[in-house]
Structures are given as structure tokens and as C-alpha cells.
Amino acid sequence: MSIKMLPFSRRSDSGAMKIESLLGMVVIALLVFGSGWIIANPGLWQQIAVLRFVQETNLMLLAPEAIILMVILVSVLHVSFAKNPAERQFTWWLTAMGVFAAFICLMLHFILIYPQGPDYVQLTLGQKLVAALRLDFLRSGEWLSSTVSFSPNTREFPMFQADLFSLVVRMLLTFGTFLVLLFTRTFVEKRSEVPGEFYIILLSALFGGMLLSGAADLIMVFVCLETLSISSYILVAYLRGNVLSAEAGLKYLLYGGMATAILLFGFSIVYGLAGSTSFPQLAFALARVPEEQLMLVAIMTVMIVGGIAFKLSAAPFHMWAPDVYEGAPTPVVAFLSVISKIAGFALALRLFTTLFLAIPGAWFGLLAVLSVLSMILGNVVALTQRNIKRLLAYSTVAHVGYLLLGLVVLTPEGMSSLLYYLATYLFMNLGAFAVVTCFENATGRDDIAAYAGLVRKRPLLALTFTVMLLSLAGIPITAGFFGKFFLFQAVAAAGDQYLWLVIIALLTSTISLYYYLNVVRLMVIAEPSDAVAAMPDTEPQGAPMSVRPAMLAMLVCMIGTLLLGFAAQPAMTLSQQAILEMVKGSAYALKAPEGSLSQVPADRH
Amino acid sequence: MNFLTEHYLTILIVLPLILAAIVPLVPEGADGKNVHRFGIFGAGLLFLYSALAWNGSVGPMGKLEKMAAWIPDLGITFSLGADGLSMTLVFLTTFLLLMATVASWTTIEKRLKLYYSMLFILTTAVLGVFLARDLFLFFLFWELELIPMYLLIAIWGGPRRDYAAIKFVLYTLFGSVFLVAGVLALYFHARTLGLNPAALFHFSTIQAAISHNMSLTTQVLIFIAMFITFAVKLPVVPLHTWLPDAHVEAPTPISMLLAGILLKMGSYGMLQLCFGFLPEAGQVLAPYIALLAVINIVYTAGVALVQTDLKKLIAYSSVSHMGFVLLGLAALNAIGFNGATFVMFAHGLVSAALFMCVGTLYVRTHSRQIADYGGFASQTPIIFYFFLFMSMASLGLPLLVSFASETMVFYGAFISQAFQQINLFGNVLDWNIQGVTFVAGLGVVIGAAYLLWMIKRVFFGTIQERWNRLPDATSSEVFVLATLALLVIAFGVYPQWITRHFEPDVTGLATRYEQLQAQKSAMAPMSELPLLSAISTGAHKE
């Protein structure tokens, strides 16, 4: 095969680079097609012990994460050996394709593995993996022989739940990151002399988020959360020459470190109370906490909820968000406000349906307060913003408020509406940030006034932004309308005591239309600002490679935003299934009698 | 023909959307008028298409139904249906759209493609509201109308257009919060009863659920919630303040559509959803609605009397006439309901024509202040004739359409059994519906006063020096005004031409009330204040 056929050959000069690039592509291709092939030939497993280990612990379920990890490793190698900036740009291809490969791999799982039944998707990677990694076991060479059986007699509680819920969330995460990568390229390469590492850190953050979506163990949660957070700190401060970016990074680090400490304190109290780190066991133990320890449970609840609220930037833990969003590179803001929020909500959903379901108490009142504060504060303060990134930051706070409603009621209907809303939110918010990024690339401005008259110069950009903003405001026929309607009706359906939450949500979303419409008004109605007037009449022809991926991202977001509402039924069915499966799993843990906790029957579905 | 019968309504809704998508692709042409031509052509196409249903050539009216599953998990369906009431308003919509596009020929000059796109999307939304037979779909179309209208006012409007447009949006959106509340309350009631789970939002399911064990208190509360939404749109004093601003700032064709069609969304919603779905609550609340109607008629007529801005005067007169719709609804009998529907139609023609008249003067003088006018009768005789004619129609000259419709409302209200008396503030104010009707009649007198006085100030007296070379009406303006004038005469002389369309269905809505009144008159007369007693005791329906 001739190297010239590859899309990046035009940019590469050195032979080493070509080999590396090929290597990366081959690895990715092997992983994608290999996983499909192995699934298709089950008999093959039995031949090799290592493969049998992979099969019996269902390690294949982590193949998407493995792909991401491989891409990270290959990219690090590539960046280290790349000789000039032109070569480093290749990292973008590598990472974007890697993320897309992970997405395809998840799709394959969804199509091939998931229909084989819920029992099959249970990842038994508990102490088993630890045992397998014991040194004496490795030294003995037994693992090479085919006599050792890894098949579990008793099913341990997994550290990672590869259920439908995490599958759906990971699909959202990878697809969202792929979209972010599509419109990131020009922005980073214009502003940073080391663009390659940016993508790698973005992928590490994604890696943490993906594992977080299925984490069912406190240690796993903490490690994943830190992977996500620390990568985010670096990304926020990535523009080294930029004072705002550095300030944002430091702020984020300080606030984030504080929140992590509080969260960890909460976790340690849980461990002290229950003596385990596994969610099902914790749920079981917490349901039977003696009365004199209830105070500790309350403290723990406040700490964990507070820590998560910080990660979600729910008011009053939102203070970092506007400053960080304003200073951080715009694609990172997109990542933080969409990908990291989806991962955070996935964690919160799992935590609240297992751990907290067992706890008697008013933690849902706590969440309701957070939700109301976020809705009111986010929407009201957004009214006065003059910077588009700060505006979208407060809009994110407001949306977190709406989304928290689904956690407050915690009915299957509410949670599946939440998941559906997360999907719509992914498309509309990423679409909005794609436009903001493109506009910043073209003009270097991020104040709202600069958007005046955009429709005269870039009608498609303005149209996309208009649709995204109206969707965020919940105007039909966009997906945001359906998302809001489903979520609010699910909250109202949960009981009369939640009606006031719905009323506040409706009134605050009325307010929100004002500031979204203000941007639309500027773009469509006002005379062009100096920034817009200075834009060339047509897209610059010199940089097609940088413009086209961003256009593709916007097109995808546009299609998603306009069609997700009409395809609401299949999307809702999927999210209902995902939620129901997750809830069933945790409900089992609560009901289990004490002795059988380590023995999960096979027919638990 | 079967295909057409089956998908007639869907095509009717989708056709404007397709037109909206095509408009940006139309080449401007040498004289820059191609987009106008396309707009008029599209509106004409839509009008002809809707006219297929006029003589039942696509199937008998009332039998046009379309229902398809959409989101069965939540009971949402894609359901369209056309009874006579809906189709009457659909005819009005497509006809006025055609008139508005012709009126745009001279009045709209910039950004034509965006203009016609928005106009057609607006049409889809309005037609959707009139044709939806699913509450979710109704709400979706109700909200969809906001943004195109916002842009139409905010881009092509007058000097204070920003303020007027955002005021319109915020008022309407505030109103729709109550609509969501009402819709969800009805939906949950239907859901708890376990009726037809795949079509819970469908009108028929909701109606079945209401007649099935819903307490009077709940009915009254839902009625009030939805009434507030529609009252913002109608508009009803004191929620009317967005309308004069919107009218004054909107360009002429948009004012025509605003007065002619968009206000009808409010009255249609009241008739179809509030009074149609919740008859018991309607009966409880009718006296108060009658009072609101009278306040609406008399107060806004009084306000119109003192206006110095010509367009504002017409706007208040338009609000005042919408009060007759409210009065007809509050009468709760077949004649009142039919009269109210007929007023909707008549008001659509007359107020649109009046706004067109104001617009013709405005494009010539660029002023709306009555003080700037005077003596125009000699300068612009054609405009004067039409303006005078439409003013006569508006103040209720016999043989013209407003006379026929308002007479029906008055007659319906006068013979109404809706309430014997209301005691407000103890016994200080004793009203009965005959008294209410009598006071409403004063509105007509005030209407004559402000219209004639306006005619005198605008068209008679001495003309100012600067208006000496005013051109008279152009052919497109004459076309619009003459068509409207012909219809005003036609429907005034022979009202049955339109009433035969909606009469059976609207009378059907009223029969429920007549049954209820028959029940009530068999019982002891009501002595207490019905609303308060209903709420305080939470009485369940008999």
C-alpha cells in the first residue's frame, strides 16, 4: 500500500513519521476489526489463556477505553519524536480518528454484545484482576497454560459496570469529544506552539470520563474523577502566554482541589461506616446504619453532594465557572460544559440510585435547593453578561439546574428524561460553542456586541447559532423544546410536592429566552459591528482543512438539534432501558439478604 | 383523491414550511421584485389549496382527520383535524396571508428572503394551532409562532421595534407558562384514569377524561390557567398592553396578520379548549368573563377615543371589538358562540383592512400622528373612500359583516341564561347579563364616536402645505382594499356563506351548556357567588 494514499502524507516529510503514522492506523484498525472478529469467533478464546482471561472477565467491554489508551500512547510517542510543528499536527488526525474508532467500537458493542443479554455485559473485574496481577501468579507461568480457569464461581462486585447505561453515556462522551476535536484544530494551532499535547490531554480527560460513567466503586470513582479533573486543569491553562488562561487554570485548580478534598472526606466517612468501597455493598450497609450514626451519614451526604455539585457547577458552587469559561480556550470550555457535565451526571445518577437510595433523609431536598438556586441564579445573572463565553457559562449553570430536577425526583421517567436532555444538550451546546470558536478564529473577539450583523457576512454561521440558542431556550421545533417538556412533565408527574419546582423551571426558562434572543437579535437585526464588517466576504480559501471539520461539526449538531425531537420515541426508549437496567441492578443490591451479598444470581435481570 | 383526503391537512401545514425553505433560493431578478412575486405566488397557492375544502371537494368537512403515533410512551400523537370552526379560521388565515403578501409589494423593501421565510413559518404555526387535535402539538405550534413574529416586528418594524418585539415575546411566553400548567394538569388527569395510553394528549382522550370524574375545583383552576394564556393573546384588559406597541411598530402587512389572525389564536383557544373542554367550569366563570368582556369593550373604546396616533387608535379599536368575542362566549348559548365565531371572522376582515388603510397613509406621509393629517379627502379620494367604508364596517353599519356578527353576539347575550345575576362587593353592584349587554352596547356608540371623529380629523378640514402632491392608492393597494371590501359586503349581506361552515360544530359546543342550564333551572336558583363557593367547598360535579 502506498503511503501517498493516506490523507496526511501531504504534510509528512520524514520516514520515521510515516512509519509511526502507519503504526497508529494499523493499531486502531486492528483493535476495531479485531474486536469484531473475536466476537464473531468465540471458539478462538479457548485456545489462549490470556484471551480466556479477557473473555471470562469480559474485558472486551473495555475495548473502547483500550483504544483511547493506545491512541494516547501512540500520540505521546509521535509528539516526542516529531521534528517540526507541521509533523505535530498529525496528532490531530490520530486523536480524532482514535476517538471516532472508540465510538464505532461502542456502536459494535451496542449492536453485537448488548443483545446477548444483561448477564453477558457484567464486567467481573473486581478482586479477580488484582489476583491475576499478583506477582507470584505471574511468575509461576500458569497464566500461559490453558488449564487455569478464570471463570468466577462467585460473582464479585465489579469496579466498572458496563451496562447499557454506561454504554449510552460513553457513546455520548466519545461522540461529543469527536465533535469538539473537529472544531478545535484551528483554534489551538493558531494560539499554541505545542498543539499536539493538547489533543492528548483532551483524550486523557475523555478516558477519565468514560470510566467514570460506569464506575461502581468509590476508588474507581475517585481515580476517574481525578483523571478527568487534572486533565481539565491543564487544558484550561493550556495557553501559556495568555494571562486570562493562566488565571483560569489556577482558579480552577484551587477550587477543584478543595472540592476534591471535600468529596474524598465524604468517601472516607462512607468507607468508615460501611467498610467497603463497592456501591452495592455500600448501599446494603448504609440501609442498615444504626440510628446513632445518622449524623455521620448526614455529614457524608452533604460532603458528597457538595463535591459533585462543584463538578457540575451547580449554584452556589458555580463561582469558578464564569471565570474559568472566560479564560479557558473555547474548545476546552465546550468540553467542560458538555462532556464533563455528562460524565458528572452519569456519576451522580449511579451514586444516587445506589448509594443514596438507601439513606433515609432529605438529600433530595438538598438537591432541590441546588437546582432552584442554579435555575434562578444562572438565568438571572446571564441577563447582564457581555461576554459570550460568560453568557454560555451562566446558561450552563441554568441547564444544570434543570437537569438536577431529574435527580431530585429520581423516578425512572425523570432519570430517562434527564438522559434524553443530556443528549439534546450535547448537540445544542456543542453547536453553540462550535460557532463561538469559529467566530473567535475569524475575528479574535468574544464579546456579544461583536456578533452584531453576523448574518450579513456568514449566514450559515448565524443560522446555526440561532438554532442552537433557540434550542437552549426551548423553542419548538428544536430538540431543546422536547427535552425541557419531557423533563418538566416527568418532574410534575412524580408528585404534587414537586410542582413548585416545575413552576420555577418554567418561569426561569421564560427569562432565559430574553438573553438568548438578545444574541439572535444582534446577529440578525443589528447593523454589522466593526469585527463583522472586517470579516472577508467569503470564507478564506487558503485553509480548507481547518474550516471543513468545523463545518462538519456544526452540520452534525444542526441535524441532531433539529431531528432529535422528531426521533424522540427511539431515543426515549433507549434511555428508559438504560435507566431501568441500572436501577434494577441497584434495587437488587438493596434487597439482598446479608449472607448472599457476594453471590449475585445469574437471573438478576 | 383518496391520498388528498387522507393527507390534506398534513400538506396544508407542511406546504408553507416548504415554501419557507424555497424562498432563500429564489433569484432576485432584474427589478428585485422576484422574491415578492414568489411570496404572492406561494400565498396564492396556499389559499387555493385551502379553498379545496370550501365546498367539501376533498371530503366532507369535519371528517378531515389525521392521526399518527409520534411518541407513544408519553401519549403524544401527530393529530390534525378540521371541524368547521378550524376551517373557517384556516380560510381566514390563508386569505389574509395572500392579502398581506400583496400589501408587502410596496411596504417591504429590505431583506425580502428572510421576510417571506418568516412569514411562511408563521403561517405554519398558526395553521398548526387551528388544526392540532393533540394538546402537545397545539402547544408546540403555539410556541413556534413566537420567533417568526418576533423577527417580523423587530426587523421590519418602526423606530421602537426592539422594545415592541421583545414585549410581545415576553408577554406571550409568560402566558404560555400557564398553558403548560393547564396542559400538564389535563394530561396527568387522563393518565391517572388510564385512558388510551398511546394518545393521552389527544383532544378526545382529554375530553373523555374531563367528563370522567374531574372535580369542579380542578376544572375551574385549569380553565383559569388556560384562559390567562389566551387572554394575553386575545388580548383582554389588563393583559393587552403589548398589543398597541406591537401594532404601532409592526409594518403594515404584519399588523394585518397580527390583528386578523394571531388574535384569533387566543379566541380560538378559548372556544375550543377552555369552553369546549371544561363546560362546568365555563358555566361557573361565565359571569366574570362577561364582566371582563364589557370592560374590554368599553375601556379600550374609551382609550381609543383619546389616541393621537392613528395606528394606535385602530389597534385599540381592534382590541375593543375582540371584546365582543368574549361577550359572545360568555353567553354560553348557540347564538352567542356562533356570533363570537362570526365576529372572529368579521374582525379578521375589517381590522386587517383598517390597518391596510392606515398603512397606505403611512407610506405616503411617514407619520402616524392624527395632528399631521387633515383634508386628505381631496388629495387621496380612493384611500378616503376605502377608509370611510371600512370605518363604517367597523362601527357596525347594517348589511356589512360586523353588523351581522355583532348583532348575533348581542342577541345571544341578551337572551342568555348563563347567569341571572352576579353580586359583586356585597349587594352594591347587581349585574345581570341583560345589563352587561346593555353596557357593552355603549361600546358601539363610543366606537362610532372615535371612528367618525378620526375620519373628520384625517380627511376633512384644511390640508397642510407639505401634503399637496400626495399620490393616491396604487393598484396593489386598491386590489387588497377592494377585495376585502367586497368580502365585507358579501358576508354582510349573506352571512350564511360563512356561517354554514362553522354553525353545526359551534352549535355542538353550545349544546352541552344548554343541557347544563336545563339541569340547573330544574334545581334551586343559585344564591351564592358561584366561583368562590366552588373553590372553597371544592364541590364535585353532580
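**A quick tour of chains A and B**

Let's start with helix H16 of chain B, residues 381–395: this 15-residue helix reaches 21 Å from its first C-alpha to its last, close to the 21 Å expected at 1.5 Å a residue. That expected span is 1.5 Å times one less than the number of residues, and helices here are DSSP runs (H or I, at least four residues; strands are E, at least two), numbered from the N terminus. Keep in mind that this is a predicted model, where local features need pLDDT of at least 70, side-chain atom pairs count only at pLDDT 80 or more, and totals for chains, interfaces and linings use all residues. Residues are numbered from 1 along each chain as its sequence is written, while chains are lettered from A and ligands numbered from 1 in the order in which they are written.

**Around helix H16 of chain B**

- H16(B) is mostly covered, with 11 of its 15 residues buried; a residue is buried if 20 or more other C-beta atoms, placed from the backbone, lie within 10 Å of its own, exposed if 12 or fewer, and partly exposed in between.
- Among the buried ones are B:Phe384, B:Phe386, B:Phe387 and B:Phe389, along with B:Met390 and B:Leu395.
- What do the buried residues of H16(B) pack against? They pack against H13, helix H14 (334–365), helix H15 (376–379), helix H17 (401–414), helix H18 (433–459) and helix H19 (475–493) of chain B.
- Just after H16(B) comes B:Gly396, with a positive phi of about 95°.

**Two leucines with positive phi**

- B:Leu399 sits in the loop between H16 and H17 of chain B, and has a positive phi of about 75° although it is not a glycine.
- B:Leu399 counts as exposed because it has 11 C-beta neighbours inside 10 Å.
- B:Leu332 also isn't a glycine, yet has a positive phi of about 60°; its place is the loop between H13 and H14 of chain B.
- Is B:Leu332 buried or exposed? B:Leu332 is buried, because 29 other C-beta atoms lie within 10 Å.

**A closer look at B:Gln307**

- You'll find B:Gln307 in the loop between helix H12 (279–305) and helix H13 (310–330) of chain B.
- With 19 other C-beta atoms within 10 Å, B:Gln307 is partly exposed.
- Setting aside neighbours within four places in sequence, B:Gln307 is in contact (C-beta atoms, placed from the backbone, within 7 Å) with B:Lys312, B:Leu313 and B:Tyr316.
- B:Gln307 and B:Leu481 are 174 residues apart in sequence and, C-alpha to C-alpha, 24 Å apart in space.

**Where the chains meet**

- On the chain B side, 21 residues are in contact with 21 residues of chain A.
- The elements of chain B giving two or more residues to that side are helix H5 (135–144), helix H6 (146–156) and helix H7 (161–193), and H7(B) gives the most, with eight residues.
- By class, this side of chain B has 19 nonpolar, no polar and two charged residues (Ala, Val, Leu, Ile, Met, Phe, Trp, Tyr, Cys and Pro count as nonpolar, Asp, Glu, Lys and Arg as charged, and the others, Gly among them, as polar).

**Chain A overall**

- Chain A has 25 helices and zero strands, and 55% of its 605 residues count as buried.
- Of the contacts in chain A with a separation of 6 or more, 82% come from residues 24 or more positions apart.

**Cis peptide bonds**

- In chain A, the bond from A:Ala315 to A:Pro316 is cis, with omega near 5°; A:Pro316 lies in the loop between helix H13 (294–312) and helix H14 (320–327) of chain A.
- In chain B, the bond from B:Leu234 to B:Pro235 is cis, with omega near -5°, and B:Pro235 lies in the loop between helix H9 (216–233) and helix H10 (242–249) of chain B.

Definitions and conventions. Two residues are in contact if their C-beta atoms, placed from the backbone, lie within 7 Å.
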